[in-house]
Amino acid sequence: MDFEKKILCIGAGYVGGPTMAVIANKCPQYKVTIVDINPERIAQWNSDDLPIYEPGLAQVVKEARGRNLFFSTEIDKGIRESEIIFVSVNTPTKTFGAGAGMAADLQYWDKTARQIREHSTSDKIIVEKSTLPVRTAQAMERILTVDDNGIRFDVLSNPEFLAEGTAIKDLENPDRVLIGSRETRSGLKAREELVEIYANWIPRERIITSNIWSSELSKLVANAFLAQRISSINSVSAICEKTGADVTEVARAIGMDSRVGDRFLNASVGFGGSCFKKDILNLVYLCRNYDLEEVAKYWEGVVKINDYQKERFVLNMLNTMFNTLAGKKVCILGFAFKADTGDTRESPAIFIANRLAEENAELVITDPNALKNAIKDLDGIDGKVSFEEDPYKAADGCDAIAVMTEWDVYKGLDFERIYQSMTKPAFIFDGRNILDHQKLYHIGFNVFPIGKPALTHFEAE
Ligand code: UDX
Ligand code: ADP
């Protein structure tokens, strides 16, 4: 069959995989190929056991795979054959040299740009999908056009705003799609070609265009704003715990102001995920680079409050459990960085587990979807740690439960049964405020929510 367009995506990860699967699903007239340097990942994408868990993804892949969606390791061939190349390789925080711990590590991007140049025999549109610091498109253009071989490359920025756990929904029905380009004739033409692809299923008014630097910056700023809301409400949770105010009531009161809005105001043990911290640190690094120290410090505060919130959670456990956790058994209820994903990147549970182990607590980790990753994350932890799929078995004999992930199944657990099996006094630290605290208190638990008065059976001092 002759396809109308041939699209390639380099990098079959959390972004590339679902995004391309949805494009292929919505546009059977295009051939969509996803390549990756990791053959195991590609083999998984070609099997029934996909490398990432995402509600609805398996169905979308099943419908399109083999028809117009292909997963392959043949990167060079893919580059030669396609007109549009999305790049969604990983851009982790640099761990070495200048900007270590802050700047984006662009080595995978750099390599990909060189590979594209080497294997291209016709004009191409290159689409930045990974989150990148501002002005990366320019670096890409420079690498691509270093030898004058008569091939035209137009670089576009098309940041992905999907959230894990709702990726398919977000891709099928996004709030907006953003496409940035050079404002030259050929840049604008390339921009229009990408608009056409999305317009197959997204209303035109939700596809917005801008200059390329605005587009790159918008992605960093979008994540910084979202994370800032969480750090704002988490900072308020600390003052609620001191004053007797209830953070949920405060969030409700401020969220009903339509200028503020009610979403993303859930106080928690802290935000995690692969994007928030990385993108904010990127923004901070960028500001410092441009000598904007005050702006850098402002955004750095969002990450600092997040670190503070995680540490506060541990200290609260320590203080309320009579200032010693040594030899006490703690059930970590949930390990994923949020519900409906098996992803644990930057999950607050990693920090909490390490800190509790430092206090010589014994840990039992449970999670419906993330145990495999948890085992990797805690490899080499200095302490006694075990992993258990069944939450009832995990809590058995524990002194405390620490809720780390807002899994729906946890709301329906039989806490009466759990209480009976625990060491007394039994504690629950609800890092997500998802449980019925009054009910737990009446069962006999000492309950410590985030940003709300604790419910304890101990006599007041
Ligand atoms: C985020 C952005 O939402 C998405 O637009 C971007 O493309 C990638 O980064 P993601 O990391 O998948 O997506 O998850 P998100 O739902 O944003 O949650 C991030 C973290 O914040 C999670 O740990 C979550 O539990 C926490 N969170 C979220 C809160 O603690 N409180 C809230 O009110 C909302
Ligand atoms: P993200 O969350 O941004 O999608 P992931 O780490 O999940 O990040 O995915 C990035 C993917 O890119 C990985 O599967 C990795 O193997 C792949 N990758 C990295 N460098 C290259 C490269 N030069 N060519 C092809 N694939 C690459």
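Visitor: What conventions apply to the model?

Guide: The model is predicted: local features need pLDDT of at least 70, side-chain atom pairs count only at pLDDT 80 or more, and totals for chains, interfaces and linings use all residues. Residues are numbered from 1 along each chain as its sequence is written, while chains are lettered from A and ligands numbered from 1 in the order in which they are written.

Visitor: Which domains does the domain assignment of the chain give?

Guide: Domain bounds come from an automatic or database domain assignment. Here the assignment gives domain 1 (5-202) and domain 2 (211-461). Their centres, taken over C-alpha atoms, are separated by 33 Å. Residues are in contact if their C-beta atoms, placed from the backbone, lie within 7 Å; the contact takes 25 residues from domain 1 and 27 residues from domain 2.

Visitor: Which elements give two or more residues to the side of domain 1 that touches domain 2?

Guide: Helices (H or I, at least four residues) and strands (E, at least two) are DSSP runs, numbered from the N terminus. On that side of domain 1, the elements giving two or more residues are H6 and strand S7 (177-181). The largest share, four residues, comes from S7.

Visitor: Where does ligand 1 lie?

Guide: A residue is near a molecule or strand if its C-beta atom, placed from the backbone, lies within 6 Å of it. Ligand 1 lies between domain 1 (5-202) and domain 2 (211-461), because both give residues to its shell. Of the 19 residues around ligand 1, the nearest are Asn266, Ser268, Phe271, Gly273 and Cys275. Helix H9 (residues 212-243) supplies the largest share of the shell, three residues.

Visitor: How many residues surround ligand 2, and which are the closest?

Guide: Ligand 2 is surrounded by 21 residues, the closest being Gly11, Gly13, Tyr14, Val15 and Asn90. The largest share of this shell, three residues, comes from helix H5 (residues 107-119).

Visitor: How are the shells divided by class?

Guide: Ala, Val, Leu, Ile, Met, Phe, Trp, Tyr, Cys and Pro count as nonpolar, Asp, Glu, Lys and Arg as charged, and the others, Gly among them, as polar. The shell around ligand 1 has 11 nonpolar, five polar and three charged residues; that around ligand 2 has nine nonpolar, nine polar and three charged.

Visitor: At what angle do the axes of H5 and H6 cross?

Guide: Axes are lines fitted to C-alpha atoms, for helices over the stretch in contact, and angles run from 0 to 180 degrees between N-to-C directions. The axes of H5 and helix H6 (residues 136-144) cross at roughly 35° and come within 9 Å. Trp109, Asp110, Ala113, Arg114, Ile116 and Arg117 in H5 meet Thr136, Met140, Ile143 and Leu144 in H6. The residues of this contact comprise six nonpolar, one polar and three charged.

Visitor: In what order do the six strands form the open sheet?

Guide: Two strands pair if DSSP finds at least two bridges between them. The order is S11-S10-S9-S12-S13-S14, with parallel pairing. Strand S11 (385-387) and strand S14 (446-448) are the edge strands, each pairing on one side only. Neighbouring strands are turned by 20° against each other on average, direction ignored. Strand S13 (residues 427-430) is joined to S14 by three bridges, and phenylalanine 429 has phenylalanine 448 in S14 as its bridge partner.

Visitor: Which strands does helix H12 lie across?

Guide: Helix H12 (residues 293-320) lies across strand S12 (400-403), S13 and S14, at about 165° to S13.

Terms used. Two residues are in contact if their C-beta atoms, placed from the backbone, lie within 7 Å.
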